[in-house]
Amino acid sequence: MALTLDELFDRVQKPARYTGGELNSVVKDKSKVNVRFAFCFPDLYEVGMSHLGMKILYGLKNAVEDFWCERVFAPDTDMEALMRENGIPLFALESRDPVREFDFVGFTLQYEMCYTTILNMLDLAGIPLRADQRGEDMPLVIAGGPCACNPEPLADFFDIFILGEGEEVNLELMTLYREHKQQGYDKQRFLKAAAQLEGVYVPAFYEVSYHEDGRVQAITPIGGVPATVRKRVIRDMDTAYYPEAFVVPFIDIVHDRAMSEIFRGCIRGCRFCQAGFIYRPVREKSVETIDRQSRCLCETSGYEEFSLSSLSTSDYTHLEELLTQLLSWAEEQHTNISVPSLRVDGFSEELANRLNVLRRNGLTFAPEAGTQRLRDTINKNLTEDEILETARRAFSGGWTSVKLYFMMGLPTETAEDIVGINTLGQKIVNCFYQNPNKPKGKGVTVSVSVSCFVPKPFTPFQWEPQDTLAQLEEKQRLLRESVTTKKVSLSWHDAKTSYLEAVLARGDRRLGAVLEEAFRRGFNLDAWSEHFDFDAWMDIFRNQGLNPDFYACRRREEDEVFPWDHIDVGVTKAFLWAENQRAHEGVTTPHCRQECSHCGAACFKGGVCVERR
Ligand code: SF4
């Protein structure tokens, strides 16, 4: 006899991933709800529950009386096997209702390696994978998040992609749906109307043609939809919705603390960084807003730790004032403030000491490249002197460990740049031992973490080839051999995962067949190394007659039509190309507060672009 859902909980690891019922989770009376939204995070509960975007959109939708948003996470393999064995479809945590009964099933696309998990979740829900196989009785399957800026590999599976920031457009879409439902819902009619909303991309209304060699020839809108779809931006962060409470998990999650978002976007223009371009322009919250929201979250959620969230916290223009304000009550309440993503050049001694009042967090810096020449190429406006000076200050403030993030495989990189990674790590070790006030009996650890560069859409490096696997492996060997001290510890990301990430990041619609075959072969949770089978992926590409090097390792011409050219993130292709050329000339570009480089994001009429005038 089949087991019930409750009976499964005794048989799986960490049942609290699936039970729901956490503090601040929202349960509504179904009879009073008009639109139901299943917010799906295509990874395990512990990862998804740490995601700020999900917390914001969950609270935002549930603040509307007749909308109900529930959470759905990918079950781990033990739970999934039992669900399939006992005929239990994918369900939402709050109501435990099957996801296929909802109006919207919405996925967040945080990283490319979760694409097979999405297909697996749809299948577990009993929802046909391809949009054209789903009738009127099926939910609308939609997605948003950073990877939606090139949604093409997933185009066959989704009805709608939401581009840019979701607060306003999600509510507009759900309101439109409510109207259509009240008037007699017709999927095609609804999709046509939805495609007229700014930030809503309906892939079925765009036809893609290809050259014989596989490059995209043209992307043609059909049926009167806009030729390009512009992302949405929240102009005023002080009046934007922010949750007053977070759902508090019963089990440990990756980031188990309150989070205060302090600004969106980034003033820098690191040429490898997709987030730095797709979230432009920078828009800050005021000190008062951050203070109020932080206090409120700590009170309603009972957290004794909160972090300040942004792409580059030390670029917040009133950081000292903010920290003084936050520390004035956090210290009293024994609440720890964690400040990640600090740039070394924005890290003053006073600030270091002030944060040290509560707890000594490990210091993390991201020089990204081992030599000044390469840092200039990638526009990481940071000198070796600044890095070493910050390390000296940190050591004199009592820190004994430093974590450094680098990339290998960057455009124009040479052996000298690779060896430079170790040289910089060693210089930081020397700084520690030259510090006259170093703590007695303590040594220093400099952890160097090296990832492989993945060229991404909407960056100046979107034209660049990724290094081949053989090149990356050779560079890893060179770096390993350059390290001669135990004070510098090395770790790196798997080059094979980065290769597949590069294929999917700049992929086109033809990759839909690859993803579908990967799902049919049982691929799932590929972001977890124990589930990732590189050779099997390569076998699928062969089967489908597609060469993954075409996507990952090919240099593009300036005028190539990209699969994402009909998506408009504000920053223009002409600006990105000019930045690409400057990279090859080794010329840096000033950040937005030094000088406007006219990237195109001023079209959103907000944030730093307006402040400058
Ligand atoms: S338009 Fe100028 S100020 Fe605005 S984001 Fe672009 S470079 Fe920065």
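Figure 1. Residues are numbered from 1 along each chain as its sequence is written. Because the model is predicted, local features need pLDDT of at least 70 and side-chain atom pairs count only at pLDDT 80 or more, while totals for chains, interfaces and linings use all residues.

**Figure 2. Two domains side by side.** The protein chain is divided into domain 1 (5-230) and domain 2 (258-493 + 570-602), with bounds from an automatic or database domain assignment. Their centres, taken over C-alpha atoms, are 32 Å apart. Five residues of domain 1 are in contact with ten residues of domain 2, contact being C-beta atoms, placed from the backbone, within 7 Å. On the domain 1 side that touches domain 2, there are three nonpolar, two polar and no charged residues.

**Figure 3. A look at Thr-300.** Thr-300 lies in helix 10 (residues 287-301), helices being DSSP runs (H or I, at least four residues) numbered from the N terminus. Beyond its neighbours within four places in sequence, Thr-300 is in contact with Asn-24, Glu-244 and Ala-245. Thr-390 is 90 residues away from Thr-300 in sequence and, C-alpha to C-alpha, 37 Å away in space.

Note on methods
Contact = placed C-beta atoms within 7 Å. Nonpolar A, V, L, I, M, F, W, Y, C, P; charged D, E, K, R; others polar. Helix = DSSP H or I, 4+ residues; strand = E, 2+ residues; numbered from the N terminus.
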